[in-house]
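Visitor: I would like to learn how to read a protein model, feature by feature. Could you take me through one slowly?

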Amino acid sequence: MKRAAAMAFVVLASVSCAGKPVASPAPGNASPRSHETPESSASAQATAEPSTASPSPTAPPEFSSKVSRVSRDQLPYSWRPGCPVPYQDLRLVTLTYWGFDDKPHTGELVVRKTVTDDIETVFKKLYDWRWPIKQMKLVDAYKGDDYDSIDVDNTSAFNCRPATGSSNWSNHAYGEAIDINPRENPYVTANGGTAHQNAKKFTKRPTDGKGVINPGDRVVRAFAQVGWEWGGYWSGTKDYQHFSKGGG
Ligand SMILES: [Zn+2]
């Protein structure tokens, strides 16, 4: 119920941001044209003036999130028969995130149904901090191609694929891992390399920059509080974009 109310607020807020007048006629005021007293005349003028119609028309909406079931058709590339988790155990989380453009956006993540609370808890904090995320689409928008999704700096979670450089399933295949701002937080090999040209200036830690995750920072701590470990703490290879439930 709370979530439904929050979503309704989002819709209202975006309408008011679009510049539409939000003032509605007062109930019981039969004729808005009548000017019986100077007071009502003044109030009519005030409501006609856009600058005084709303106290904070540009205030961003509160964080909102919604968890829903996914159909097979919604995961045409990221799920297939033989994956370690049936798609019936996955959930779509639709949530607000703060963008690199300093504006609120709506993103989508698919995760296992057992971890939706973890995701909502962390992403509410990130949004309230105005911690910026470049974009958030399902990896299916990139035909399930991890490289392409990373190259456009896409934040995503579920993908039924092996771990990088391994024949074992990745934690992403279980819907229990997420990659955040992968350009600013690259996968870095033990010799300091990254497969992505646009990520080369982000291979060292600590480093400054929008959407960068650093050792011990509030993003790492927020995930740790719900039992998710950071790939930046791995020895040898570092995966600065990666958080997973219980590590790995
Ligand atoms: Zn990952």
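Guide: Gladly, and please keep in mind from the start that this is a predicted model.

Visitor: How many of the residues are buried?

Guide: Of the 248 residues in the protein, 34% are buried. Contacts give another view of the fold, for among those between residues at least 6 apart in sequence, 58% join residues at least 24 apart.

Visitor: How should I read a helix, and which residues of α5 are buried?

Guide: In α5, which spans residues 218-225, the buried residues are Val219, Ala222 and Phe223. Seen down the axis of α5, these buried residues fall within an arc of 95°, so they line one face of the helix. The face turned away from that buried side carries Arg221 and Gln225, which are exposed.

Visitor: What do the buried residues of α5 pack against?

Guide: They pack against α3 (116-128), β7 and β9.

Visitor: Then let us turn to β9. Which strands pair with it?

Guide: For a strand, look at its neighbours and then at its two faces. Strand β5 (residues 177-179) pairs with β9 in the antiparallel sense over three bridges, and β7 (residues 228-230) also pairs with β9 in the antiparallel sense over three bridges. Ser244 of β9 is the bridge partner of Ala177 and also of Glu229. As for the faces, His242 and Ser244 lie on one side of β9 and Phe243 and Lys245 on the other, and all of them are buried.

Visitor: What should I look for in the backbone angles?

Guide: Most residues other than glycine have a negative phi, and most peptide bonds are trans. With that in mind, notice Arg130, which is not a glycine and yet has a positive phi of about 60°; Arg130 sits in the loop between α3 and β4 (132-133). Asn181, in the loop between β5 and β6, likewise has a positive phi, near 40°. The peptide bond from Arg205 to Pro206 is cis, with omega near -5°, and Pro206 belongs to the loop between β6 (187-188) and α5.

Visitor: Are Arg130 and Asn181 buried or exposed?

Guide: Count the C-beta neighbours inside 10 Å: Arg130 has 11 and therefore counts as exposed, whereas Asn181 has 27 and therefore counts as buried.

Terms used. Residues are numbered from 1 along each chain as its sequence is written. This is a predicted model: local features need pLDDT of at least 70, side-chain atom pairs count only at pLDDT 80 or more; totals for chains, interfaces and linings use all residues. A residue is buried if 20 or more other C-beta atoms lie within 10 Å of its own, exposed if 12 or fewer, and partly exposed in between; C-beta atoms are placed from the backbone. Helices (H or I, at least four residues) and strands (E, at least two) are DSSP runs, numbered from the N terminus. Two strands pair if DSSP finds at least two bridges between them. Two residues are in contact if their C-beta atoms, placed from the backbone, lie within 7 Å. The arc is that of the directions from the helix axis to the C-beta atoms.
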